[in-house]
Every structure is written in structure tokens, then in C-alpha cells.
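Reader: Please take one part of this model and go through it closely, residue by residue. I would like the cut-offs stated as you go.

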Amino acid sequence: MEPPAPPRRVTIVDVARHAQVSTTAVSKVLRNAYGASPEMRAKVRRAIDELGYRPLAAARGLRGQTYTIGVMLPDIRNPFFPEILDGVTGCLEDTDYQVLLGPGCGEKEEAGVIDAMIDRGMDGLVLVAPVSPRAHLEHVASVVPTVVVGRHGHSPVYDTVADDDVAGAALVVGHLAGLGHRRIAHIEHHETDPTRSVEMPNAQRASGYRQAMRGLGLDEEIDVVSTSYTQQGGYEGARQLLARPVRPTAVFAGADIVAMGVLEAVTEAGLSVPGDLSVAGYDNTSFAALSWISLTSIDQAGREIGRNAARLLLERITDRGKPSVQVKLSPTLVARRTTAAPSPA
């Protein structure tokens, strides 16, 4: 016995017949084009709903738009990136656009994800903290409307949205120094590329830390450990700092996910936070506010970053030739229980 044939996909012709209009009229409604009366639009939309019609993305792409936005995230394990994604999807919720995600952990993987999004005809891209060279990002932006999140460089062909990471680092150092700390260390993400050493948020935060320490007359206390913006990186960095002959009394972890590794290493060493070591993070992720963690952190308004990125992308999709825009948001410090005055020597 032969298996039953799969159900036939509903086509634009079926919709036109059901609504008793021409296929041209249905096409106009689908494209939101001029020339379709409110009555016709209602009739076609009703037919679409009744038949369960879904236009093929490839076919929509041939007509000029697929109504899809690609979002590249560098690390889906970092709890800050969903905050940005929430902002993007929130901005797009009243539009016809759908968001499709792609993880890009490393330059090669990132390039593959971006190429796949372009090949599938996505109408625009939001690239979160991309590590690709600027020349490649500009090539991508010349092909498809692009907004870059978290890079501080300026480009005439793509828009950027970023937090003022230098100011955020200064807030952390100022907070810790105000509590009485002098031996304030920093765990940064190791960076070797000269362009990324200027543009990436990790580099900006490390630079802001050094500037703030010098500004407070703490030049001799500058202590930077280079690992990675991961929990393991925080753990390894903290172990190095705790092994110092004279260990720091406070650590500025470059991201909340890094701070989680620091807390793990401190507990493993039989020490306490903030009794033996104050710890501050960056991103103010959801777990930072959990009562049993209560992490002091910098709030860089991830949802606001995402909303701005989506808004700029829609504007660039509408007008490819508009001047590029750089949005820089002001961070705030959220003090919690992981920071306190240093214990008496």
C-alpha cells in the first residue's frame, strides 16, 4: 500500500480564488503595495487566515523582501545577549519582520553565519560584538543593511550601537575606590587584533579601568589579568590574582559571566565575598540581581541597545543611502552585596 501523498501547499492562486479576486490583488496585499482598497485587503486577509496560506520566503525574496532579520550572537551562553535580543524583538513586534538567530563563536564561524544569512535573502543584519575585521563588516554592509552592536568604530556604511564602556569602567573603579579599596584588579578579555583592541567593548573597559586608576592616583596598583569573557576565564583569572604575594582587595570583572567564575574561585579558595574580596561585574544580567548572588554590576541597558539596533536597521532598510548613525548609551552602576569596604589588615 502506497503512503498517502503529502498535502498540497496552499498557493497564491488558491487565495485569489477563495477571496474571488485576482492574483495581482493578492500580491499587492502581501506586499502592502499601493492600489488595494481596505475592503480588498480585508477580503484577502480573511482568505489567507481561512486557508492557512504562508508565502514561501524564497518567493518573497524574489519580490524584493523576505521580512526576516538576522541576528548574529557571539556566545549564546552569555546571559547578557538575550537582553539585546529582547530589545530587538520588542521593537519589531508590531511589524511583519521575524528574527532568525545565528551563533558566531570566532571569526571563521561568524563569517559563515553572516554568509548564510545573506544567502537566504535576509533584509537586514544585527551583528552583536562581531570579531570580523572592519573591512569585512563594511563589505557585508555594502551587500545588506547592517547594524553593528558593541563595536566603537565609525563606518560610513553601517550604523553602530554601543555602551560607553570607558565611562562604565570608571564607575566601577570609582565605586570600589570610594569604599576604600586601592588594590583593585581587572580581568580582561585577551585581544591581539589592533583594530579590535580599539573598537571592542572588552578593550574599552580595560582602557577605562587604567584611565580611572591613574586618575585616582593608583597607577602603581594597576593589575590586569588577560583571560576570556567566559566563566572559565573569570575562574582562571581569579586564581592568578589570588596567588599573588599581595592579592587585590577588589576585582573588576569585565562581564557578569566573568564575575561568576571569580565567585567560584573565591569560594574554592575558602575565602568570602565581600569579606576577603569585593567583586564587581558588567552587564547587570538577570542573575546578578538574584538574592544569593547580589552582584554589583554596570547596567548598560541591553534591551535599549537592542531597541536602538532594530530601529536603526529598519531605517536603513528603508533608506540605504542615509548617513550612518552612532548611538552611545550611558551606563549606570547598580551596587549590591558583593562589594564593601576592605577588611582591616
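Author: In this predicted model, Ile12, Val13, Val15 and Ala16 of α1 meet Thr23, Val26, Ser27 and Leu30 of α2, where contact means heavy atoms within 4.5 Å. Helices (H or I, at least four residues) and strands (E, at least two) are DSSP runs, numbered from the N terminus. Numbering starts from 1 along each chain as its sequence is written, and side-chain values use heavy atoms, with hydrogens and water left out. Local features need pLDDT of at least 70, side-chain atom pairs count only at pLDDT 80 or more, and totals for chains, interfaces and linings use all residues.

Sorted by class, the contact of α1 with α2 has 6 nonpolar, 2 polar and no charged residues. Here Ala, Val, Leu, Ile, Met, Phe, Trp, Tyr, Cys and Pro are nonpolar, Asp, Glu, Lys and Arg are charged, and the others, Gly among them, are polar. Helix α2 covers residues 23-30, and its axis comes within 8 Å of that of α1, with a crossing of roughly 105 degrees. Axes are lines fitted to C-alpha atoms, for helices over the stretch in contact, and angles run from 0 to 180 degrees between N-to-C directions. The two helices, α1 and α2, are therefore roughly perpendicular (65 to 115 degrees; under 35 is roughly parallel, over 145 roughly antiparallel, the rest oblique).

Helix α1, residues 12-19, also packs on α3, residues 38-51: their axes come within 9 Å and cross at roughly 120 degrees. That angle makes α1 oblique to α3. On the α1 side the contact is made by Asp14, Val15, His18 and Ala19, and on the α3 side by Lys43, Val44, Ala47, Ile48, Glu50 and Leu51. These residues divide into 6 nonpolar, 1 polar and 3 charged. Val15 of α1 takes part in the contact with α2 and in the contact with α3.

Another helix pair can be read in the same way. Helix α13, residues 302-318, packs against α5 at an angle of about 45 degrees, and the two axes are 6 Å apart. That makes α5 oblique to α13. From α5 the contact takes Glu83, Ile84, Asp86, Gly87, Val88, Cys91 and Leu92; from α13 it takes Gly302, Arg303, Ile305, Gly306, Arg307, Ala310, Arg311 and Leu314. By class the contact of α5 with α13 holds 7 nonpolar, 3 polar and 5 charged residues.

Two backbone details lie in loops. Most residues other than glycine have a negative phi, and most peptide bonds are trans. Valine 273 and proline 274 are joined by a cis peptide bond, with omega at about 5 degrees. Proline 274 sits in the loop between α12 (256-268) and β9 (278-280). Serine 294, though not a glycine, has a positive phi of about 50 degrees. The loop that holds serine 294 runs between β9 and β10 (297-299).
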